[in-house]
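Morning, everyone. Let's get the model up on the screen, and then I'll walk through one residue and one interface.

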Amino acid sequence: MKAWIAFKNIFLKDMRNYYLKPPNISWGIIFPFAWTLMFFLRSQSTVDIRGILPGVMAMSILFGTTSMLAVTITFERRSRSFERLLLAPIDLNILMLAKTSGAVLFGIINAFVPVVFALFLVDLAGINWLVVLGSVFFIAVTSTFLGLLIAVTVSEVFEAQTFSNFFRFPMVFLCGLFIPIRNLPAILRPLSYAIPLTYGADILKTAINGEGHLMVGLSFFILIIFSLVFFTISTRNIKEKWIH
Amino acid sequence: MDILKVENLTKKYGNFTAVAGISFSVQKGEIFGFLGPNGAGKTTTINMLTGLAKVTEGSAYLAGIDCVKETKRAQGLMGIVADESNLYPEMNGWENLNFCGALYGLEKNERKERAWELLELVGLKEVAHKPFGAYSRGMKRRLTIAAGIIHNPEVLFLDEPTTGIDVKSAREIRKMLLDLNKRGTTIFLTTHYIEEAERLCDRIAFIVDGKIVKIDSTRGLLEEAQRGQTVQFTLGNGSLKPCEILRGAFPGYRCQVIDAKTIRVHSGKAIDLIPIVDVFKDNSLALYEAKVIRPTLEEIFVQITGIEAKKIKTGGDKK
Ligand SMILES: Nc1ncnc2c1ncn2[C@@H]1O[C@H](COP(=O)(O)OP(=O)(O)OP(=O)(O)O)[C@@H](O)[C@H]1O
Ligand SMILES: [Mg+2]
């Protein structure tokens with residue numbers, strides 16, 4: 001019960017103080033819009049909106065979540081308010097889940113912004129929304145936890161920004177969303193399978209356009225493993241590094 | 001009754017020992033002070049007790065709960081006020097308290113009630129809806145203390161509660177702490193202000209270089225010092241060294257040079273002034289003033305630790 005009260009209030013506070021701030025909200029809307037526009041200009045013709053939807057959704061989540069946490073945590077570390085979490089009589093895992101839950105939800109909301117746009121433009125019949133939601137959830141979780149991992153590894157906000165870009169851009173390139181993995185140079189292909197986004201994107205492609213290559217169940221399983229690994233390393237890092 | 005019991009607590013950072021096997025206990029209802037210069041290990045001790053630093057060796061029990069092994073349980077009984085304000089700058093005073101209450105699992109209504117009660121207590125009711133970031137230093141410190149007691153902790157830990165704050169605010173904070181203590185909060189505080197320790201604490205531990213060099217009740221410390229006597233002499237500006245002369249004449253007395261014209265003579269017994277005046281006369285030293293000094297905690301601290309009082313205030317020779 002006590003843990004739940006703490007969880008809820010951390011979640012609500014972060015929502016209010018960070019995620020639902022106007023710059024973030026507008027970012028969540030402008031970003032998918034810009035992506036769609038970019039593809040439209042590139043293809044020079046009526047764009048296959050449904051075809052690029054998985055990519056735009058995945059990008060929206062990735063860019064909406066990874067840097068979020070990196071910034072909020074390093075910021076709270078600097079103002080020393082993060083100490084309050086370490087001093088609270090609540091299990092650190094619960095506290096960190098609370099801390100990340102806001103970003104996860106924000107990522108999920110971001111993912112559906114392009115879906116809302118698409119609804120007005122194309123027919124979205126025949127999509128397995130439950131699977132879409134599942135993969136959106138896990139892309140959000142893995143990206144957020146990756147952001148957490150970055151945040152607990154660096155000490156400055158700008159480092160967090162730099163690092164999250166350092167991971168994000170290669171991930172976009174390697175995940176098979178825009179360049180099919182089989183078209184990548186052979187030496188890069190193993191890397192593709194080492195990043196969680198590949199699996200999330202593949203599920204999205206399967207659910208939306210039936211174009212995925214991997215077994216959906218296996219992809220979910222791998223995403224769960226990634227989530228657990230990122231989270232465990234993060235909380236361990238916090239205990240090792242921030243409790244001197 | 002001992003509410004906090006610490007034994008052989010040690011902290012090593014690599015080869016460097018920040019806290020070297022200290023033992024002490026804090027009784028329920030008292031104000032216990034850690035007095036020491038910069039770098040003595042005060043913050044490190046608080047961090048170990050509250051779970052912000054790993055304990056290298058030793059044990060600490062709060063109300064019978066092992067602070068090392070059952071950190072989270074013990075933390076529920078602690079209120080912690082860090083040496084810097086560490087609330088959320090973008091949130092207002094009330095929101096900060098409400099949030100801190102939630103971190104200790106207080107129910108919504110309880111939190112609300114308590115937050116207003118505390119805002120009243122620390123005199124911040126009028127600015128309850130201003131962002132914390134816009135508060136003055138003194139206000140920040142007061143709110144941070146309020147946040148530390150939102151859950152009615154068994155022991156309140158305060159790390160240098162008045163450092164970096166103007167005299168007036170510091171006085172208000174001291175008064176607040178005394179009030180809190182009267183209402184039953186046990187307080188553990190660190191300070192490098194001797195007067196603060198003397199005014200607030202029931203018992204004091206002197207900590208230097210990670211070791212407790214003396215621990216006693218404030219009254220006991222003062223009584224011990226007052227058993228002896230100190231006389232301060234103001235002399236003419238001669239070329240002679242009065243302390244050397246006195247040491248030669250009265251080996252039982254300790255003589256301390258204060259400045260070019262002033263010396264102090266200490267003795268464990270009452271000091272007979274006539275023979276001293278005679279010695280000055282024999283050496284043709286002009287004597288302008290002689291006064292008995294009531295030993296303060298400062299003198300005791302200097303005597304015991306060998307650290308000049310000025311150094312404690314300005315930061316020792318560490319930083
Ligand atoms: N993380 C750390 N790594 C290495 N040494 C440390 C660390 N933290 C503290 N120290 C050292 O331990 C010693 C004790 O530091 P501590 O902060 O406990 O002193 P303090 O009594 O609180 O001093 P102050 O009055 O300056 O706050 C210092 O010499 C400090 O340099
Ligand atoms: Mg300190």
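**One buried leucine, one interface**

Start with A:Leu69. Its relative accessibility is 0%, so A:Leu69 counts as buried. Keep in mind that this is a predicted model.

Where does A:Leu69 sit? It belongs to helix α3 of chain A, residues 49-78. What does A:Leu69 touch, leaving aside residues up to four places away in sequence? The contacts are A:Tyr19, A:Thr74, A:Lys99, A:Thr100, A:Ala103, A:Thr144, A:Gly147, A:Leu148 and A:Ala151. Now take A:Ala160. In sequence, A:Ala160 and A:Leu69 are 91 residues apart. In space, their C-alpha atoms are 9.0 Å apart.

Next, the interface. On the chain B side, 32 residues contact 29 residues of chain A. The two chains bury about 2700 Å² between them, and carbon and sulfur atoms give 57% of that area. Which residues of chain B lose the most area to chain A? They are B:Leu52, B:Lys72 and B:Leu103, together 26% of what that side buries.

A:Arg80 and B:Glu84 form a salt bridge through their side chains, at 3.2 Å from N to O.

The largest share comes from α3(B), with 4 residues. By class, the chain B side has 16 nonpolar, 8 polar and 8 charged residues.

How values were computed. Residues are numbered from 1 along each chain as its sequence is written. Chains are lettered from A and ligands numbered from 1 in the order in which they are written. This is a predicted model: local features need pLDDT of at least 70, side-chain atom pairs count only at pLDDT 80 or more; totals for chains, interfaces and linings use all residues. Side-chain values use heavy atoms; hydrogens and water are left out. Helices (H or I, at least four residues) and strands (E, at least two) are DSSP runs, numbered from the N terminus. Buried means under 20% relative accessible area, exposed over 50%, partly exposed in between (1.4 Å probe, protein chains only). Contact means heavy atoms within 4.5 Å. Buried area is the accessible area (1.4 Å probe) that two parts lose on being put together, summed over both. A salt bridge is a side-chain nitrogen of Lys or Arg within 4 Å of a carboxyl oxygen of Asp or Glu. Ala, Val, Leu, Ile, Met, Phe, Trp, Tyr, Cys and Pro count as nonpolar, Asp, Glu, Lys and Arg as charged, and the others, Gly among them, as polar.
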